[in-house]
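Please keep the sequence and the model open while reading.

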Amino acid sequence: MELEILLYEGFDELDAIGPYEVLRNGARAGADLSTRMVTLDPKETVTASHGLRVGVDGTLGSPDTLLVPGGGWGDRAETGAWAEYDRGDIPEAIASAHDRGATVATVCTGGMLAAGAGILDGRPATTHHVAHDDLREVAEFVEARVVDDGDVLTCGGGTSGIDLAFHFLAREFGEEIRDRVARQIEYEPSGDVYVG
């Protein structure tokens, strides 16, 4: 399985790096999973919301799963999810990936980029608390750390992305792999998961 994490200027570090580490460790534990960091346009690095510069593996391809981080929604930052929602290119790319059959997973206000893509309309979903009201305008808001609606997974802010990654590992590759990774990084995944 190929999973790509879509980075953009101003994304929140934890939203992408937390799931990335869990998923890469899942591959080491036996999951048939390749995880890459990608952008829409060719770049060598992307600068995240707290100033971390992250190297990029390439541009968005045709992954089985597309993970989209958030960041910069609540303060309407010049870079981040709010700016990308307004620009429209990332929501369009999310819609295209979903139309091609990709599962879309979002962390934090990456969920609002999926909302902009139209794939959350009327579906159960969650996001960071700063965007709950915005999400309620299009989706069936669910108060949970992780919401699994089959081909779309959403989660709350920051550390919820780690829980989403653990849920994804268990769902796709089994609880044994999830448990091995949890032991390795000494993390207890949350059971606060809503399955639609």
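## Strands 10, 11 and 12

Strand 10 (residues 146-148) is joined to strand 12 (193-195) by three bridges, and the two run parallel; strands are DSSP runs of E of at least two residues, and helices are runs of H or I of at least four, both numbered from the N terminus, while two strands count as paired if DSSP finds at least two bridges between them. Across this pairing, Val147 has Tyr194 of strand 12 as its bridge partner. The model is predicted, so that local features need pLDDT of at least 70 and side-chain atom pairs count only at pLDDT 80 or more, whereas totals for chains, interfaces and linings use all residues. Residues are numbered from 1 along each chain as its sequence is written, and side-chain values use heavy atoms, with hydrogens and water left out.

Strand 10 also has three bridges to strand 11 (residues 152-155), in the antiparallel sense, and here Val147 stands opposite Thr154. These two strands form a hairpin with three residues between them, where Gly150 in the turn has a positive phi of about 80 degrees.

## The sheet around strand 11

The open sheet has eight strands in the order 5-2-1-6-7-11-10-12, with mixed pairing; its edge strands are strand 5 (58-59) and strand 12, each of which pairs on one side only. Strand 7 (residues 103-106) pairs with strand 11 in the parallel sense over three bridges, with Ala105 opposite Leu153.

Strand 11 is covered on both faces, since Val152 and Thr154 on one side and Leu153 and Cys155 on the other are all buried (under 20% relative accessible area, with exposed meaning over 50% and partly exposed in between, for a 1.4 Å probe and protein chains only).

## Helix 7

In helix 7 (residues 175-185), the buried residues are Ile177, Val181 and Ala182. Because they cover an arc of only 135 degrees around the axis, taken from the directions from the helix axis to the C-beta atoms, they lie on the same side of helix 7. This buried side packs against helix 1 (13-28) and helix 6, whereas the face turned away from it carries the exposed residues Glu175, Glu176 and Arg183.

Leaving aside neighbours within four places in sequence, Ile119 is in contact (heavy atoms within 4.5 Å) with Ile94, His98, Val104, Ala114 and Val152.
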